[in-house]
Amino acid sequence: MNLTLHVWRQPGPGAPGRMVRYQAADISPEMSFLEMLDVVNERLMETGEAPIAFDHDCREGICGSCSLMINGVAHGPELGTASCQLHMRSFRDGQEIHVEPWRARAFPVVKDLVVNRSALDRIIAVGGYASAPTGSAPDGNATLIPKDAVETAMDAAQCIGCGACVAACPNGSASLFTAAKITHLGLLPQGQPERGRRARRMVEQMDIEGFGQCSLYGECQEACPKEISIDTITRMNRDYLRALTAPDRAAAAESD
Amino acid sequence: MNRVQGLWDTSVGKKAVMAVTGLIMLAYLITHVLANLTVFQGPAKINAYSAFLHGTGGALWVARLVLIAALVLHVVAAAQFTARRRAARPVAYAAGREPQVSTFASRTIRWGGVLILIFIVYHLLHFTLGTVHPSFVEGDPYHNVAAGFGNPLVVVFYELALAALGLHLYHGIWSSGRSLGVSPPSPHPLKRQLAAVLSVLIWAGFAVIPIAVSAGALR
Amino acid sequence: MELNSKVPGGPIEQKWDKHRFEMKLVNPANKRKYTVIVVGSGLAGGSTAATLSELGYNVKCFCFQDSPRRAHSIAAQGGINAAKNYRNDGDSVYRLFYDTVKGGDFRSREANVYRLAQISVEIIDQCVAQGVPFAREYGGLLANRSFGGAQVSRTFYARGQTGQQLLLGAYQALEKEVARGGVTMYPRTEMLDLVVIDGRARGIVVRDMITGRIESHAADAVVLGTGGYGNVFYLSTNAKGSNATAIWRAHKRGAAFANPCYTQIHPTCIPVSGEYQSKLTLMSESLRNDGRVWVPKREGDNRPPFEIPEAERDYYLERRYPSFGNLAPRDIASRSAKMVCDEGRGVGPGGRGVYLDFADAIHRVGAETIRERYGNLFEMYQRITDENPYEVPMRIYPAVHYTMGGLWVDYNLMSTIPGLHVIGEANFSDHGANRLGASALMQGLADGYFVLPSTVSDYLASVAPASADTSHAEFRRLEAEVAERTRTLLAIGGKRTVDSFHRELGHILWEKCGMARTAAGLEQALAQIPELREEFWRNVNVPGSDAELNQALEKAGRVADFLELGELICRDALDREESCGGHFREEYQTADGEAKRDDEHFAYVAAWEYTGDLRHPRLHKEPLDFEYVHLAQRSYK
């Protein structure tokens with residue numbers, strides 16, 4: 001197949017960028033979207049042009065590196081699929097394809113299609129864990145956990161941290177990302193002692209990073225390659241509001 | 001961060017404020033639409049209701065103050081959220097962002113809200129203070145309604161604003177449960193039957209009156 | 001160079017406890033005066049960085065990805081072994097130890113493996129406490145499944161995303177320590193050299209991948225948890241960024257490289273579909289619990305699978321290995337697939353594929369149960385191939401997946417350079433010549449959470465804190481060397497892209513040093529690789545500058561190292577004149593095509609020392625003694 005690409009090119013952080021047109025000829029429908037970009041890049045390099053920078057690593061939909069806005073849709077047209085698992089058979093011969101980086105103040109562009117998503121790490125760092133210093137754990141079967149609680153926790157824990165939820169949200173909100181972690185840990189007995197503190201701190205950090213609010217458009221759920229439900233956002237809101245009305249001891253003991 | 005601050009200073013907290021203030025106004029709208037519909041039972045009923053309300057004295061003002069406070073908080077929060085969402089994406093997508101599942105109601109809720117706010121001001125001048133009414137009679141709401149919709153432009157403006165209100169409620173009722181963290185988990189989280197039914201009923205209850213007047217059913 | 005394994009004396013079950021008592025400790029008040037560099041943030045690196053910080057050390061952690069959560073451990077699907085014996089099916093620490101030594105074809109160090117089996121039990125507890133959502137039974141207890149190469153059910157799992165959940169547990173612990181100030185994280189930063197001063201590892205030279213700045217970091221100890229080198233084959237199940245640069249540069253600074261030829265070819269991957277193919281995708285081995293592997297009996301039979309009657313199908317694993325059947329260990333399953341394809345009985349485009357058929361399992365337990373067990377894997381398969389495995393058998397073929405070889409380490413996980421420790425897949429330590437399924441996650445976390453934090457303390461207790469800083473002239477010298485190398489790559493201005501060299505190297509290695517190796521083939525590879533390397537340094541085209549994010553430049557540096565490592569792999573494979581585990585030399589096989597070990601001459605670890613001349617590395621041998629597990633021909637019949 002032959003395609004026309006319009007790709008965002010930006011030489012560096014803060015530098016001006018623009019959409020540049022490329023022809024992608026002789027593309028096999030069996031290729032993944034990233035392999036198509038590989039081919040375009042190989043040809044660019046053969047003609048002495050700078051290849052298009054884009055983040056990618058595992059190419060099997062689990063590392064969360066790839067982050068392409070394809071024709072206005074985060075990770076492109078296939079549901080529950082990261083850009084790397086999107087195949088060219090999802091496109092028509094002769095189609096025009098627009099490719100852009102995620103857009104959010106909290107995700108500054110590094111180069112071309114590469115953005116900095118460290119903000120998501122910082123949201124985890126302030127509370128997205130169950131503290132268990134190595135060596136302090138009881139036997140794994142000491143606490144029984146109902147199967148359905150683990151399954152619902154796992155649905156949320158699958159988040160790959162790609163940031164598609166932010167990219168797809170009209171408000172640039174990171175609520176689905178944050179809520180997925182709050183839900184995962186909040187459903188397990190191991191997550192209970194820090195549950196209120198976790199919700200409070202992660203929600204605050206989300207705002208500090210400059211993400212937008214959640215207006216419940218539902219776009220994040222649709223964009224999520226792991227199809228995480230906005231039910232998690234309801235849980236986050238509940239945990240946060242409950243933490244305000246009944247702060248747990250850990251939160252009360254804290255000096256901040 | 002203390003508790004009250006936590007309600008206003010984080011986006012999750014402020015969304016809860018929006019939800020609660022929205023629900024307060026929703027409760028008011030339900031009584032309002034039920035009262036309005038008594039207009040179809042003739043002047044005696046609705047005028048008596050009006051007299052009853054004004055006879056409550058202090059209670060009416062308490063209700064009015066609560067509603068004004070709710071409206072102010074709702075509008076201020078909305079304005080701040082609008083600023084926040086703008087700041088959150090300073091560079092727009094060059095090729096646009098294609099909405100996938102968001103409803104028309106959710107995407108228009110901000111401008112619809114502005115329209116509703118303008119409408120509220122006009123509506124108060126129209127039927128409460130009577131300043132923009134052609135023949136306002138204090139204490140005779142039946143007459144005021146029947147005479148107030150003589151101008152087709154007014155009817156059109158009312159219908160537009162009420163459509164915006166219906167859409168506002170369709171998204172707002174559903175999302176407030178989620179903002180407050182009380183909606184139960186659902187296998188189809190975007191479904192919203194309750195919000196659909198309520199918003200249609202409220203919208204229809206309001207929208208039918210100007211049309212009935214125009215059609216000559218009320219005079 | 002002297003290889004001293006430092007295995008403690010005493011009975012095997014007491015070695016680790018005794019050693020832990022004998023190791024020196026660092027006074028809690030002094031711990032914060034020590035800095036430890038951890039390169040890599042996967043299961044091994046991430047867990048050790050978090051644990052060292054919890055202990056009170058200053059930790060600097062480096063990864064080339066944009067976040068530590070993206071390390072390739074995240075992609076491990078199937079599970080993690082532990083000798084919990086929760087099933088009451090006869091498992092024990094001793095059995096896990098025995099299975100691992102046997103599965104590794106008797107080429108691993110007994111004491112290390114025993115320790116791994118002991119610690120396996122604690123890992124599960126640790127991960128559960130962190131909130132890892134392992135699969136549970138209805139009663140709320142942890143669930144298990146069986147995995148290739150084992151007859152007991154000892155594998156713990158979180159759907160098909162066990163690696164992801166374990167890594168996120170370690171990542172969250174790491175981020176917690178970042179917020180606390182114990183760990184400084186350096187994402188998008190690549191280690192390009194190891195600084196050795198007075199014979200000890202004292203720091204690293206790195207490149208900031210966004211600004212291109214070359215800078216140095218000093219520390220009292222350096223830990224490499226940088227993963228395996230499977231990408232030397234170009235096509236592998238590794239992430240595109242996985243590379244050998246950190247361990248290779250350390251090797252060139254004096255760390256011995258052990259058993260480089262032990263590479264694991266995983267039997268169940270999605271076959272290659274075209275020249276443009278950039279990577280291969282693994283289908284979890286757990287699929288072999290219910291899927292039956294077969295090819296047509298007749299050569300060149302290209303009827304669609306459902307038209308081939310039962311009598312004309314060859315379920316070759318069940319036929320050749322009746323007691324293990326489809327669950328035969330990876331090396332055996334892979335080699336068998338190659339054999340039937342070489343006979344012209346392979347299926348799919350190019351005839352490089354075999355069927356993995358779920359029809360019987362669906363008939364037996366129902367499509368719903370199969371969906372519950374493997375739903376996400378089936379979806380992934382369908383997304384890639386556009387075929388529905390509920391209706392059509394999957395097509396699979398072996399692919400490079402894991403490297404058992406790596407930097408040589410002693411019992412303390414320290415390399416031949418004092419102060420340089422190597423953990424996880426980057427070292428050679430526990431899997432011998434073949435790794436069993438669900439053991440990589442176990443080893444990464446055993447090293448990271450439990451072994452290294454103890455042994456590194458023992459090392460640190462022997463050196464004065466803050467013993468190096470980057471003002472030392474050696475840092476300047478190596479920074480200049482790294483910068484010079486970068487400039488050279490950019491200045492070549494040749495005609496070929498980096499990927500074209502990488503693909504060619506991968507092709508040579510896959511053909512000559514893949515699932516089956518011969519002396520003649522290896523000799524050819526040893527002639528071709530230096531030529532290719534020479535052409536690379538003459539004719540590669542690396543666009544852009546060194547002062548920006550330059551993905552072609554990053555790749556060029558890694559491929560340059562692969563071009564050197566590839567040669568060592570072939571040399572090791574040529575030198576090892578026996579077949580064992582993943583290393584199958586066609587000259588050394590039994591009458592029915594099984595691997596034939598030569599314990600008399602090759603029961604040793606081959607540790608290669610860099611001599612300054614890539615063609616003549618020096619071989620050191622660490623003899624392997626088997627006190628507890630009897631050397632026997634590995635049989636899965």
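Leaving aside its neighbours within four places in sequence, which residues is Thr486(C) in contact with? In this predicted model, the partners are Asp546(C) and Leu553(C).

**Around Thr486(C)**

Let's stay with that threonine for a moment. Thr486(C) sits in helix H13 of chain C, a helix that covers residues 473-492. Is Thr486(C) buried or exposed? Its relative accessibility is 8%, so Thr486(C) counts as buried, the cut-off being under 20%. The side chain also has a polar atom 2.9 Å from the backbone oxygen of Val482(C).

**Strand E9 of chain C**

Next up is E9(C), which runs over residues 221-224 and is covered on both faces. Ala221(C) and Val223(C) are buried on one side, while Val222(C) and Leu224(C) are buried on the other.

**A sheet in chain A**

Over in chain A, there are nine helices and seven strands. Five strands make an open sheet of mixed pairing, in the order E2-E1-E5-E3-E4. Its edge strands are E2(A), residues 18-24, and E4(A), residues 73-74, each pairing on one side only. Inside that order, E3(A) (residues 69-70) and E5(A) (residues 96-100) run antiparallel to each other, with Val99(A) in E5(A) as the bridge partner of Ile70(A).

Here are the strand pairs side by side:

| Strand pair | Sense | Bridges |
|---|---|---|
| E3(A) and E5(A) | antiparallel | two bridges |

**Chain A as a whole**

Zooming out, the C-alpha trace of chain A spans about 65 × 40 × 35 Å along its principal axes. How many of the 256 residues count as buried? The share is 70%. Chain A exposes about 7,900 Å², and carbon and sulfur atoms supply 51% of that area.

Sequence separation is worth a look as well: among contacts in chain A between residues at least 6 apart in sequence, 69% join residues at least 24 apart. As for charge, chain A carries 24 positive and 32 negative side chains. The centres of these two sets lie 5 Å apart.

Definitions and conventions:
Residues numbered from 1 in each chain as written. Chains lettered and ligands numbered in written order. Predicted model: local features only at pLDDT ≥ 70, side-chain atom pairs only at ≥ 80, totals over all residues. Heavy atoms only, no water. Helix = DSSP H or I, 4+ residues; strand = E, 2+ residues; numbered from the N terminus. Buried < 20%, exposed > 50% of the residue type's maximum accessible area, 1.4 Å probe, protein only. Contact = heavy atoms within 4.5 Å. Areas by Shrake-Rupley, 256 points an atom, 1.4 Å probe, with all protein chains shown as cover. Lys, Arg positive; Asp, Glu negative; His and termini not counted. Charge placed at Lys NZ, Arg CZ, Asp CG, Glu CD. Polar contact = N/O pair within 3.5 Å; in protein donor to acceptor, adjacent residues only side chain to side chain. Pairing = 2+ DSSP bridges.
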